[in-house]
Amino acid sequence: MKAAERRASILAVAKVLFADKGFYAVSVDEIARRVGVSPAVLYQHFASKEELYEAVLDSLAAPRETYVEAALDGPDDFASVLHRITRVFIARVEEDPDYIRMELLSALEGGEIAKRFFASRWQSIVDYIEYSLQELAREKRVSAVNERTAALLFQGMVREAIYSKCIINAERYQEISLDKLIGQLLQLFFQAIGYNTAEKA
Amino acid sequence: MSEVNQELDARGLNCPLPILRAKKAIAGMAEGEVLKILATDPGSVKDFEAFCKQTGNELLQSQSAGDGFEFLIRRQ
C-alpha cells in the first residue's frame, strides 16, 4: 500500500472510532489494529493521537479555499457573507455527520478537546460575527446587543438545526431541508439583533 | 521590490475579514497598483493564494514578517 493510501485508511478508521467513542476512549493501538498495521507504522504518519485527531477534523472540514470563495462570491454586507459561509459549513456537515458526533463527544469530554474543536470549527465564524457587530453598532445599524451573546445565539441555533436534521432526524423538521431551515433561522437572527441592511450614506 | 500604493493592516483579524477588507481596498485601486497587507492569522497564507486565484489579481509576495505575514497583491 502506498503511503498516501495508508494515511487515508488510518484517517478513515480513526474518524469512525473518534465519532463513535470520542477522543479519550480510543487508543492508538486500537486504531492501528483496525487498520491492520502496527502502532509504529501509524506513528510514521501521525506523531501523536492529538495530531491524528486534528487531521481527522481537517478532513471533515470544507477546505479554506471554499470559505474564501464563499466570502468573495457575492455582496459584501454582513448578512450576505454570513449566510454564504454558514451554507458552506452546513453543507459539509450534512455530507458527513461524523463531524457533529465528534463535536458532541468533545463537549462531554471537555477541556482541551472541546477547546480544540471550537478553535477548528466555530472560532472564525463567531469572531466574524462579533467583530462585524461591533462595527455595525458604531454605524448604528444593529440594536444595542451584546455581540458575544449574539454570536452564541447564532452558534446555538445552527448547532440545534444540525442536531435535529443530521443526528436525531427529527420528524418535526422532515419537510424542510437543512439549508432552508438555516436560511429561516438566519432571518430570525438578523431580526433579533435589529440588523439594518441599508448602508449608511 | 514593488512600489506599494496602499497598505491594509489586518493583524488580529481572522478569516473571512482580511480577505473582505482586501477586496474592498483593491476595488478602490487602479489597475497595476499594489496593495500591501499585514496579517497574523496563520491561515491567511492559503487565504490570499485563494483570494488571488478567485479575483484574478496577482500575488507578488507572501512572506513571514515579524509576528505575522506580509502580502503584496497587484491589482489586475
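A residue is called buried if 20 or more other C-beta atoms lie within 10 Å of its own, exposed if 12 or fewer do, and partly exposed in between, with the C-beta atoms placed from the backbone. By that criterion, 28% of the 201 residues of chain A count as buried. The structure is a predicted model, in which local features need pLDDT of at least 70 and side-chain atom pairs count only at pLDDT 80 or more, while totals for chains, interfaces and linings use all residues. Residues are numbered from 1 along each chain as its sequence is written, and chains are lettered from A and ligands numbered from 1 in the order in which they are written.

**Confidence**
- The model scores ipTM 0.88 and pTM 0.87.
- For chain B, the pLDDT (the predictor's confidence in each residue, from 0 to 100) averages 93, and 99% of the residues score at least 70.

**Chain A as a whole**
- Chain A has 11 helices and zero strands, where helices (H or I, at least four residues) and strands (E, at least two) are DSSP runs numbered from the N terminus.
- Taken along the principal axes, the C-alpha atoms of chain A fill a box of roughly 65 × 35 × 30 Å.
- Counting two residues as in contact if their C-beta atoms, placed from the backbone, lie within 7 Å, 60% of the contacts in chain A between residues at least 6 apart in sequence join residues at least 24 apart.

**A pair of helices in chain A**
- Helix α7(A), residues 98-109, packs against helix α8(A), residues 111-121, at an angle of about 140 degrees, with the axes 7 Å apart; axes are lines fitted to C-alpha atoms, for helices over the stretch in contact, and angles run from 0 to 180 degrees between N-to-C directions.
- The contact is made by E103(A), S106(A), A107(A) and E109(A) of α7(A), together with G111(A), I113(A), A114(A) and F117(A) of α8(A).

**The nonpolar core**
- A nonpolar core is a set of buried Ala, Val, Leu, Ile, Met, Phe, Trp, Tyr and Cys residues joined through C-beta atoms within 7 Å.
- The largest such core has 66 residues, and those with the most contacts inside it are A14(A), F18(A), V56(A), A71(A), I85(A) and I129(A).
- Leaving out residues up to four places away in sequence, I85(A) touches Y67(A), A70(A), A71(A), I125(A) and P16(B).

**Where the chains meet**
- In chain B, 15 residues are in contact with 15 residues of chain A.
- On the side of chain B that touches chain A, α1 (17-27) and α2 (44-55) of chain B each supply at least two residues, and the largest share, six residues, comes from α2(B).
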